[in-house]
Amino acid sequence: ELINNMLTSGMVPALFADDEKEAIVNSTRDEVQKLGLTPNRESVWNYFVNKCSGNLHIVLAMSPIGDTLRTRCRNFPGLVNNCVIDWFLPWPQQALEAVATNFLAEVE
């Protein structure tokens, strides 16, 4: 559920204690003022959350075999709505060797 919250909103509810949240707001307030935004607590916090969300990258690896992936996608809509799903099939031996040769060519 934590991952689903990060995927959908960019933030995990109650992740920061009140004193930590206040420190974040105070340290971010100058940046918000420089952008010409109203530096009240709520707008500064929203700016921080949006900035974090914009820089957040999550990589998940799951096996598509069986019903587990289907169940997770049904229970956590962020996996479908806010992710790119790449299906990787087994590579032929020749392709594996070509990639390895290319990347290891400069290694002494």
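**Notebook: the H2–H3 packing and its surroundings**

I started with the helix pair: H2 (residues 18-34) and H3 (residues 41-55) pack at an angle of about 90 degrees, with their axes 9 Å apart. That makes H2 roughly perpendicular to H3; the word covers 65 to 115 degrees, with under 35 roughly parallel, over 145 roughly antiparallel and the rest oblique. The axes are lines fitted to C-alpha atoms, for helices over the stretch in contact, and angles run from 0 to 180 degrees between N-to-C directions. Helices here are DSSP runs of H or I with at least four residues, strands are E runs of at least two, and both are numbered from the N terminus.

A note on what I am looking at: this is a predicted model, in which local features need pLDDT of at least 70 and side-chain atom pairs count only at pLDDT 80 or more, while totals for chains, interfaces and linings use all residues. Residues are numbered from 1 along each chain as its sequence is written, and side-chain values use heavy atoms, with hydrogens and water left out.

**The contact**

Next I listed who meets whom, taking contact as heavy atoms within 4.5 Å. From H2 come Lys-21, Glu-22, Ile-24, Val-25, Thr-28, Arg-29, Glu-31 and Val-32, and they meet Arg-41, Val-44, Trp-45, Tyr-47, Phe-48 and Lys-51 of H3. I sorted the residues of this contact into 7 nonpolar, 1 polar and 6 charged. In that sorting Ala, Val, Leu, Ile, Met, Phe, Trp, Tyr, Cys and Pro are nonpolar, Asp, Glu, Lys and Arg are charged, and the others, Gly among them, are polar.

I found Val-44, Trp-45, Tyr-47, Phe-48 and Val-49 buried in H3, where buried is under 20% relative accessible area, exposed is over 50% and partly exposed is in between (1.4 Å probe, protein chains only). Their cover includes helix H1 (2-9) and H2.

Which residues make up the largest nonpolar core? I get 9 in all: Met-11, Ile-24, Val-25, Val-32, Val-44, Trp-45, Tyr-47, Phe-48 and Val-49. H3 gives the most to this core, with 5 residues. A core here is a set of buried Ala, Val, Leu, Ile, Met, Phe, Trp, Tyr and Cys residues joined through side-chain atoms within 4.5 Å. I also checked Trp-45, which touches Met-11, Phe-16, Lys-21, Ile-24 and Val-25, leaving out residues up to four places away in sequence.

**Single residues**

Thr-38 sits in the loop between H2 and H3 and is exposed, with a relative accessible area of 52%. Beyond four places in sequence, Thr-38 touches Val-32 and Ser-43.

Asn-4 belongs to helix H1 and counts as buried at 13% relative accessibility. With residues up to four places away not counted, Asn-4 touches Phe-76, Pro-77, Gly-78 and Leu-79.

**H6**

Last, I looked at helix H6 (residues 93-104): its 12 residues should span 16 Å, and its end C-alpha atoms are 16 Å apart, which agrees. The number of buried residues in H6 is 0, so H6 lies largely in the open.

Key. The expected span of a helix is 1.5 Å times one less than its number of residues.
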